[in-house]
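Please read this briefing alongside the sequence and the 3D view. The points below are grouped by topic, with each cut-off given where its term comes up.

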Amino acid sequence: AQPVAPLLPAEPASLPAGQLLFAGSLAWDDIGGKALDGGAPALTAFHRIGGARRFAAVCSGPSAVHFVAITPEGAVFAWGRNKDGQLGLGHTDAVGHPTPVPALTTEGGARAVTAACGKAHTLFVTQGGALLACGSHAAGQLGIGGSTKANAVVSTPRAVQWPSSAAPPARVACGADFSIATDREGRVFSWGHPAH
């Protein structure tokens with residue numbers, strides 16, 4: 001795990017719009033377990049993270065222990081638990097601060113308009129109308145096709161097999177082990193664990 005980047009206490013009223021504030025446990029691998037490591041760092045007040053960078057959107061989920069933030073230009077930053085590659089960084093190490101997702105940040109990379117976080121997977125909709133996914137594919141929640149065993153962990157965003165008859169994707173949501181998306185015409189599509 002990477003060390004936590006220096007954090008500065010922040011007074012929300014004194015920050016310009018778009019600053020990212022965070023509070024809570026930083027024990028990414030322990031959250032959701034039976035007990036937290038008593039020595040793990042926790043922020044009991046809001047702290048500014050991400051430096052002076054501004055963000056237009058932030059997402060996580062009720063079963064997720066990872067986070068995605070999108071800048072107004074569409075660059076994506078991710079941090080948190082990453083044991084299944086759900087941050088899209090090309091590895092499975094936990095990350096303690098907003099880190100650029102190369103496939104969605106670098107010059108010439110896709111730019112995101114929205115994202116959603118499941119328990120161990122992430123979906124991204126790009127400005128160009130593509131739908132990308134990374135993380136656990138154990139229940140088929142990435143929508144990338146193929147064997148869930150052969151593609152159990154996908155640590156860089158890959159294209160979801162979007163129906164050719166559908167309009168481009170517009171919005172996404174994730175449950176623990178399933179995914180839902182709407183196309184630009186309002187049709188709803190879902191995939192992943194059928195029990196949820």
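A salt bridge here is a side-chain nitrogen of Lys or Arg within 4 Å of a carboxyl oxygen of Asp or Glu. By that criterion, Asp183 forms a salt bridge with Arg187, with the closest N and O atoms 2.8 Å apart. The model is predicted, so that local features need pLDDT of at least 70 and side-chain atom pairs count only at pLDDT 80 or more, while totals for chains, interfaces and linings use all residues. Residues are numbered from 1 along each chain as its sequence is written, and side-chain values use heavy atoms, with hydrogens and water left out.

**Overall make-up**

- The protein chain has 0 helices and 14 strands, where helices (H or I, at least four residues) and strands (E, at least two) are DSSP runs numbered from the N terminus.
- Of the 196 residues of the protein chain, 45% count as buried, a term that means under 20% relative accessible area, with exposed meaning over 50% and partly exposed in between (1.4 Å probe, protein chains only).
- The accessible surface of the protein chain comes to about 9500 Å², of which 55% belongs to carbon and sulfur atoms; accessible areas come from the Shrake-Rupley method with a 1.4 Å probe, and for residues only the protein chains shown count as cover.
- Among contacts (heavy atoms within 4.5 Å) between residues at least 6 apart in sequence, 46% join residues at least 24 apart.

**An antiparallel sheet**

- An open sheet is formed by 4 strands in the order S8-S9-S10-S11, with antiparallel pairing; two strands pair if DSSP finds at least two bridges between them.
- The edge strands, each pairing on one side only, are S8 (112–117) and S11 (153–159).
- Strand S10 (residues 131–136) is joined to S11 by 4 bridges, and Ala133 stands opposite Arg158 in S11.

**Salt bridges**

- The whole structure contains 3 salt bridges, and Asp183, Glu185 and Arg187 are linked in a network of them.
- Asp183 is buried at a relative accessible area of 2%, whereas Arg187 is partly exposed at 34% and Glu185 is exposed at 58%.
- The side chains of Asp84 and Lys83 also meet in a salt bridge (3.8 Å, N to O), in which Asp84 is buried with a relative accessible area of 13% and Lys83 is exposed with one of 57%.

**Aromatic pairs**

- A search of the whole structure finds 3 aromatic pairs, counted when the ring centres of Phe, Tyr and Trp (its six-membered ring) lie within 6.5 Å, with planes under 30 degrees apart called stacked, over 60 edge-to-face and the rest tilted.
- Phe55 and Phe77 form an edge-to-face pair, 5.7 Å centre to centre with 85° between the planes.
- Phe55 lies in the loop between strand S3 (42–49) and S4 and Phe77 in strand S6 (residues 76–80), so this pair ties together parts that are 22 residues apart in sequence; both Phe55 and Phe77 are buried.
- Phe67 and Trp79 form a stacked pair, 5.3 Å centre to centre with 25° between the planes.
- That pair links Phe67 in strand S5 (residues 66–70) to Trp79 in strand S6, 12 residues apart, and both Phe67 and Trp79 are buried.

**Surroundings of Val58**

- Val58 is placed in strand S4 (residues 57–59) and is partly exposed, with a relative accessible area of 47%.
- Not counting residues up to four places away in sequence, Val58 touches Leu20, Val68 and Ala69.
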